[in-house]
Amino acid sequence: MLATKLFFPTLKEDPAEATLISHKLMIRSGMIRQVASGIYNWLPLGLRVFQKTENIVRQEMNNIGGMEVMMPCVQPIELWEESGRWNDYGPELLRFTDRHNREFCMGPTHEEVVTDIVRKEISSHKELPLTLYQIHTKFRDEIRPRFGVMRGREFTMKDAYSFNLDEASLHESYSDMRNAYINIFNRVGVEFKIVDADSGSIGGSSSEEFNVLADSGENALALSEDGSYAANVELVPTFKLENPPPSPTMEMELIDTPGIYTVAGLEDKIGLPAFQGTKIMLVHAADWTKEKPSLIGLLLRGDRSLNYVKAEGLDEVKVPLTMASREEVTDIVGCPPGSIGPVNLKIPVIGDYEIAGLSDFVCGSNQNDKHYKGVNWGRDCPLPKLADLRNITSGEPSPSGGGNLTVRRGIEVGHIFKLGDKYSQSMNSFVTDDKGEKFPILMGCYGIGIDRVMAACIEQNHDDKGIIWPREVAPFAVTIIPLPLNDSEVMTKAKQLYDSLTAEGIEVLFDDRDLRAGNKFNNCDLLGIPLRIVVSSKSLQQKGLELKERAKDDPEIIPLDNAMNIIKDKLASY
């Protein structure tokens, strides 16, 4: 393709609204442009990479016997009411009413629709197993869309669904899909980890996430030293302490802490490390109603963070987990957040296992601008009910026994679930066996965010000059830059090379723009095309061409008469 015919509006500077490197580079390279918050146009260059990623996914789905369908973005309320998710899914489900006052939603996922297809068309176990998939638009009304296409509201997902008669067949379909995902992410060219994960609003008995490792990732992953354990931090268990706390050495004392409402502030004021303090988060209790609000306190060591998934698993906590507002805390407890503690607190408290090991600790006094220090369990207040409430941290022992854990950041790009009969039971999707007995179909569901895979790939593959695309997803394999454009011999050789590479099925961008050489080189680096070939009067005098690999600093001169073979070998090594 001629660069003069390609629409790719590039930018020299980072856009002010972008913070993530992938967001910056996708805008700067002319791949995307924002239409509204969390909604983007895909421009030609971005669409080329998008379609290459999409085709890799499609090929691997077809390789395991998946059959492609296309389901509607707009879904009726009736299907969601059958599954029980209309009221449970949350505000991310965009609901609307048509002119006939019928309620619909923009599909964030398609379990209900695909189950409806199968229950109407499949009645015998002989028609199973079956795997259907689509690559299609989804919409989730994110409260705070950010990071470009990494967390947008409208996005494209490959969602697949397997239908099986028994657990053995479901496990086989799940394993096939897992292996297909491994192939997909290897072909895309990213380093990734497979971790145990929470099933969230999708549901089911178990699930695994595929995470691209990147410092910018929103997920925290716990990985053992020996590789025997990998899980999202929200799923890693902690355990009860075996040893009693040290004996008290201090008397409980009420101290003035004006304007101090955080653990860090207390650390500066009192001089005790954060792990000697406690913090308490007040959340809506399970029986909370607007008419009769009730709260429960979740108590952790001062240097720990609450694990929301674990907290939602407590019978005493309302789901979804809802933090009490400042007004609710003040009305029920009598003082604002930041001064709450377990001593004489008039609401139920559940403590993390770890607090049982504290002595002489600091906590709120349930009085504004005052705290207690030197608090001890039993003597000053009863030890509350204990549970696993916190996130694991680096350096703690692995549950598998394989050394200590390291917590790394990851970008979730794929998620696979064993749904079991969650949807088939509620939506009456059954098949009969040879004896005429009816069984609920067992399901699995499997998602990959196409947009997010691209962004994650950039997060792992870039430098200070721009993107470094892996070969299979690069918008073009080669850029040819003739210098100067008015040299007839240069243009002749450049066009001959362009024609030869194109005839071999290699995608080439021929930079025929009337720009300075430096501008062209900078653009080439920004776009991340694997190979740059400069055909110049100087290189032709040496009977060669200048070849530069995007991931390397220095160019090399390759012989003109063997250029095709060298270029093909270079591309094959990517």
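**Strands, cysteines and a helix pair**

Student: Over how many bridges do β4 and strand β6 (residues 103–106) pair?

Tutor: Strands are DSSP runs of E, at least two residues, and helices are runs of H or I, at least four, numbered from the N terminus. Two strands pair if DSSP finds at least two bridges between them. β4 and β6 pair in the antiparallel sense, over three bridges.

Student: What kind of model is this?

Tutor: Residues are numbered from 1 along each chain as its sequence is written, and side-chain values use heavy atoms, leaving out hydrogens and water. Local features need pLDDT of at least 70, side-chain atom pairs count only at pLDDT 80 or more, and totals for chains, interfaces and linings use all residues, in what is a predicted model.

Student: Which strands stand at the edges of the sheet?

Tutor: The open sheet has three strands in the order β4-β6-β5. An edge strand has a single partner, so one side is left without a neighbour in the sheet. The edges are β4 (74–76) and β5 (94–97).

Student: How far is the sulfur of Cys 381 from the closest cysteine sulfur?

Tutor: A disulfide is a pair of cysteine sulfur atoms within 2.5 Å. The closest sulfur, in Cys 363, is too far for a bond. The distance is 6.5 Å.

Student: Are helix α2 (residues 44–63) and helix α5 (residues 167–188) roughly parallel or roughly antiparallel?

Tutor: Axes are lines fitted to C-alpha atoms over the stretch in contact, with angles from 0 to 180 degrees between N-to-C directions. These two come within 9 Å and cross at roughly 150 degrees. Under 35 degrees counts as roughly parallel, 65 to 115 as roughly perpendicular, over 145 as roughly antiparallel and the rest as oblique. α2 and α5 are therefore roughly antiparallel.
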